[in-house]
Amino acid sequence: MPEMSDGGARRRYSRRQVVAGAAAVGAGVALAGPVGRAAADGGVGTGAGTGTGTGAGEGAPGAFGPLTVRPSDRRYADLSRGANRRWTGTPDAVRLVGSADQVVAAVQEAVDTGRKPAVRSGGHCYEDFVTSDDVRLVIDTSFLDRVGYDPARRAFFIEPGARLGDAYRALYKGWGVTVPGGTCPTVGAGGHIVGGGYGALSRLHGLVVDHLYGVEAVVVDANGTARKVVATREESDPLRELLWAHTGAGGGSLGVVTRYWMRAPGAGGTDPAGLLPQPPSELLVSTVSWPWEGMTEAAFCTILRNYGRWCERNSAPGSPYASLFSQLKPAHRSAGSFSMTTQIDASVPDAAGLMDAFLAEVGRGAGIAHRVDDRRTIPWLHATTSWPGFTAPDTTMRFKAKSAYMRKGFPEDQLKAFHRHLTRDDFAGPMSLVMISAYGGRINAVSAGDTAVPQRDSVMKLHYVTFWQEAADDARHLAWIREFYQDVYAASGGVPRPGDVTDGCFVNYADADLNEARWNGSGVPWHELYFKGNYRRLQAAKARWDPKDVFRHGQSVRLPGRG
């Protein structure tokens, strides 16, 4: 598949123009079954056939955008911030786009005027990577939100502005399939996929990027020309390395993705229903909780120890428990209790027995009984988009988060640190917790270098997070989570350094503290915690696809020689 350009002629674009940034090569094929705002407006998509992928709804009647929102506009206050209310940007403008060509125009304008761009899909970036003071143009892709099937590529497409919940509904209602992505339905697909997202079906089917067939992306060459390119995982594709870089490099490093194509590895035939995983028809779901009242340190440590040991024993590919996903959520004592949510495919033999055995094992020997808050069998789509066990509403509060991969269960020093900080009397945070996800399964059937995500033998994934409302409480919450995290990983420099027990951090739970020696005393740089041995390969992709470093932020992939 050839690299595409506008013939080498560098162009300047006004905000009122929508100019194609790539020559149309090959026969355009209409996309089947589009779902999203562009479809409602009459956009059907063009050029998704051999060699082009020119973007959704180019020139279609009623196609959205582009729209430029400046500080004087009443919408600016909403559009200059994301879900984390700690961060508010001050860009010169927010450009809302409705097609890939509009993205080309926006990126070209940023390059020509020397204004640093940043891209936003769902707005769930944890740090200030889209809102930092040096970002002058925000490219908002939320109207690029279509989901459908592309018969020419035998793959489903998801545009970056599609929220996960909407993507799941479209794929399942239209074709009975899904991707094994995250459990928060308001997260945008754009950043989630490129960061290597995971979710409740990942133990059964792998990471979402294991199903990534191709990307359309807007990149900038060494001459400063913005253009669209399409890269696939086909062995014969000369741009295959660009596709690989999008299997976990994180957002904002290489360009702007305007479309993802999804097809399960090894899937054959032309029936769309066989090209992505088919989720369970129904799930048996459970929420149990333990009260902090009467909870001793020994009881607390027993519950976490049991959970970790269960994950060690049941996280191999092909495990009878592959369809069981669980999150243990130890919260600060000020919450009054902490919970564990679990789901399992209701159709597997003795699903209820497997669930009961799991629950019994987690609580065995703790000396304090769990309370059953919810247990029922519900349809998969309802569970995935509505059940509050995993899909609690987006809080859009102030928050700080951290992460860790675990190769083994918790050592005793970590268990004691968990208890110490979750029971501190000098801090109250009812929404301050750690979400400990059962991991592994099919995720661990992939080699470390097959995708940009190198952590392929972990059994748990940890998401430390504290939420609060007022700016006056920033220092208190930040101090608590930083001290907590450093104490848990005191033996490895205050971070989960790759080793026998821990294996670094998850780029989608961005944590700028990893860049600073006062919070990361491990001697392992932030990029090695995220990418390990894959980082040099990512840097080579950066040098080819963003040689002018147009797309950069505090934890973007650096050009070779720059860290």
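**Entry 1: a term before I start.** I count two strands as paired if DSSP finds at least two bridges between them. The model I am reading is a predicted one. With that settled, I looked up E15 and strand E17 (residues 460-468), and I found that they pair in the antiparallel sense over nine bridges.

**Entry 2: the whole protein.** I noted 14 helices and 17 strands in the protein. Of its 563 residues, 62% are buried. I also checked how far contacts reach along the chain: among those between residues at least 6 apart in sequence, 73% join residues at least 24 apart.

**Entry 3: the sheet.** What is the strand order in the open sheet of seven strands? I read it as E14-E11-E13-E12-E16-E17-E15, with antiparallel pairing. At the edges I found strand E14 (371-379) and E15, each of which pairs on one side only. From one strand to the next, the twist averages 15°. Helix H9 (residues 351-363) packs on this sheet, where I saw it touch strand E11 (282-291), strand E12 (325-329), strand E13 (337-345) and E14. The direction of H9 makes about 155° with that of E13. As a reminder to myself, strands of a sheet pair through backbone hydrogen bonds, either parallel or antiparallel.

**Entry 4: strand E12.** Next I asked how many residues of E12 are buried. The tally is five of the five, so E12 is largely enclosed by the rest of the structure. I then sorted the residues by face: Phe325, Gln327 and Lys329 are on one side, Ser326 and Leu328 are on the other, and all are buried. E12 runs antiparallel to E13, and five bridges join them. In that pairing, I found serine 326 opposite threonine 342 of E13. With strand E16 (residues 432-438), E12 is again antiparallel, this time through two bridges. Glutamine 327 has serine 437 of E16 as its bridge partner.

**Entry 5: lysine 402.** I went back to strand E15 (residues 398-406), where lysine 402 lies. Is lysine 402 buried or exposed? Its relative accessibility is 2%, and buried means under 20%, so lysine 402 counts as buried. I looked for a polar partner and found aspartate 511, with a contact of 2.9 Å between the two side chains. Leaving aside neighbours within four places in sequence, lysine 402 is in contact with several residues, including Leu462, His463, Ile481, Arg482 and Asp513. Its bridge partner in E17 is tyrosine 464.

**Entry 6: tyrosine 464 and the cores.** I followed that partner onward. Again leaving aside neighbours within four places, tyrosine 464 is in contact with residues among them Lys400, Phe418, Leu433, Val434, Phe484 and Tyr489. The largest nonpolar core has 131 residues, and Tyr464 is listed with Trp290, Tyr307, Phe418 and Leu462 as having the most contacts inside it. Helix H8 (residues 297-313) gives the most to this core, with eight residues. I noted a second, separate core of 17 residues, which includes Val103, Leu137, Ala226 and Val550. In general, nonpolar side chains of soluble globular proteins tend to be buried together.

**Entry 7: helix H3.** Helix H3 (residues 100-113) has 14 residues and reaches 20 Å from its first C-alpha to its last, close to the 20 Å expected at 1.5 Å a residue. I found 13 of its 14 residues buried. Just after H3 comes glycine 114, which takes a positive phi of about 70°.

Entry 8: I found methionine 262 in strand E10 (residues 256-262). It is buried, with a relative accessible area of 0%. Beyond four places in sequence, methionine 262 is in contact with residues including Ala155, Phe156, Val179, His211 and Leu276. I also looked up valine 215, which is 47 residues from methionine 262 along the chain; their C-alpha atoms are separated by 9.0 Å.

My last stop was aspartate 140, in strand E5 (residues 137-140). Its relative accessible area is 4%, so I logged aspartate 140 as buried. Not counting residues up to four places away in sequence, aspartate 140 touches Leu79, Val94, Arg95, Leu96, Val97 and Arg120.

Note on methods:
Residues are numbered from 1 along each chain as its sequence is written. This is a predicted model: local features need pLDDT of at least 70, side-chain atom pairs count only at pLDDT 80 or more; totals for chains, interfaces and linings use all residues. Side-chain values use heavy atoms; hydrogens and water are left out. Helices (H or I, at least four residues) and strands (E, at least two) are DSSP runs, numbered from the N terminus. The expected span of a helix is 1.5 Å times one less than its number of residues. Buried means under 20% relative accessible area, exposed over 50%, partly exposed in between (1.4 Å probe, protein chains only). A nonpolar core is a set of buried Ala, Val, Leu, Ile, Met, Phe, Trp, Tyr and Cys residues joined through side-chain atoms within 4.5 Å. Contact means heavy atoms within 4.5 Å. A polar contact is a pair of N or O atoms within 3.5 Å; within protein, one must be able to donate a hydrogen and the other to accept it, and residues adjacent in sequence count only if both atoms are side-chain atoms. Axes are lines fitted to C-alpha atoms, for helices over the stretch in contact, and angles run from 0 to 180 degrees between N-to-C directions.
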